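Come along and follow in the viewer.

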Amino acid sequence: LGSNRAGPPGSPILGTYCVRCLVWRPPHDASHHCSVCQRCVVGFDHHCDVFGRCIVRGNMLCFFILIGMMCAGMITAMV
């Protein structure tokens with residue numbers, strides 16, 4: 001499809017244009033296009049196939065708590 005298009009220089013609103021999902025992404029932000037979800041997300045870390053969603057800055061704490069609870073449950077089951 002091509003690469004992302006740069007927005008107007010110095011624009012406080014428009015950063016880059018994602019040619020895959022056809023939206024303007026904010027400037028100076030860690031936006032990334034997820035190839036599984038087919039959408040742009042801010043603060044992208046990875047796409048989790050177990051949960052079926054992107055792990056981003058906003059849900060990272062919940063993800064770590066869930067992983068910690070899973071580990072604690074496995075340790076408890078072994079004892």
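Predicted model: local features only at pLDDT ≥ 70, side-chain atom pairs only at ≥ 80, totals over all residues.

**Entry 1: a cut-off to start with.**

Q38 has 48% relative accessibility, so Q38 counts as partly exposed. I found Q38 in the loop between β4 and β5.

**Entry 2: the backbone at Q38.** I looked up the phi angle here. Most residues other than glycine have a negative phi. Q38 is not a glycine, yet its phi is positive, about 60°. The hairpin around Q38 joins β4 and β5 and has four residues between the strands.

**Entry 3: the strands on either side.** How many bridges pair strand β4 with strand β5? I found four bridges, in the antiparallel sense, between β4 (residues 31–34) and β5 (residues 39–42). S31 has V42 as its bridge partner in β5.

**Entry 4: two residues of β4.** I stayed with S31, which has its place in strand β4. Is S31 buried or exposed? Its relative accessibility is 18%, and the limit for buried is under 20%, so S31 counts as buried. Leaving aside neighbours within four places in sequence, I listed R25, P26, V41 and V42 as the contacts of S31.

Then I moved to H33, also found in strand β4. H33 has a relative accessible area of 8%, so I wrote it down as buried. Which residues does H33 touch, not counting those up to four places away in sequence? My list reads C18, R20, C21, R25, Q38, R39 and C40. Q38 from my opening entries is on that list.

**Entry 5: the open sheet.** Next I looked at the three strands that form an open sheet, in the order β1-β2-β3, with antiparallel pairing. The edge strands are β1 (5–6) and β3 (23–25), and each pairs on one side only. I counted three bridges between strand β2 (residues 16–18) and β3. Y17 stands opposite W24 in β3.

**Entry 6: the loop between β2 and β3.** I found L22 in this loop. Where does its phi lie? The phi of L22 is near 60°, a positive value in a residue other than glycine. L22 has 57% relative accessibility, which is over 50%, so L22 counts as exposed.

Entry 7: Strand β6 (residues 44–48) and strand β7 (residues 53–56) run antiparallel and are joined by four bridges. I noted two of the facing pairs here. H46 has I55 as its bridge partner in β7, and C48 stands opposite R53 in β7. The hairpin of β6 and β7 has four residues between the strands, and G52 takes a positive phi near 70° there.

**Entry 8: the helix.** Helix α1 covers residues 60–78, and M74 is found in it. L66 lies in helix α1 as well. With a relative accessible area of 35%, L66 is partly exposed. I also checked L66 against H47: they are 19 residues apart in sequence and 16 Å apart in space, C-alpha to C-alpha.

M74, I75, M78 and V79 make a nonpolar surface patch of about 520 Å².

**Entry 9: the rings.** How many aromatic pairs does the structure hold? I found three. In the pair of F63 and F64, the ring centres are 6.0 Å apart and the planes are at 50°, so the pair is tilted. Ring pairs link F51, F63 and F64 into a cluster.

Are F63 and F64 buried or exposed? F63 is buried, with a relative accessible area of 14%, whereas F64 counts as exposed at 53% relative accessibility.

Definitions and conventions
Residues numbered from 1 in each chain as written. Heavy atoms only, no water. Pairing = 2+ DSSP bridges. Patch = residues over 30% accessible without salt bridge, like charges linked within 9 Å, V, L, I, M, F, W, Y side chains within 5 Å. Areas by Shrake-Rupley, 256 points an atom, 1.4 Å probe, with all protein chains shown as cover. Salt bridge = Lys/Arg side-chain N within 4 Å of Asp/Glu carboxyl O. Buried < 20%, exposed > 50% of the residue type's maximum accessible area, 1.4 Å probe, protein only. Contact = heavy atoms within 4.5 Å. Phe/Tyr/Trp six-rings, centres within 6.5 Å; stacked < 30°, edge-to-face > 60°.
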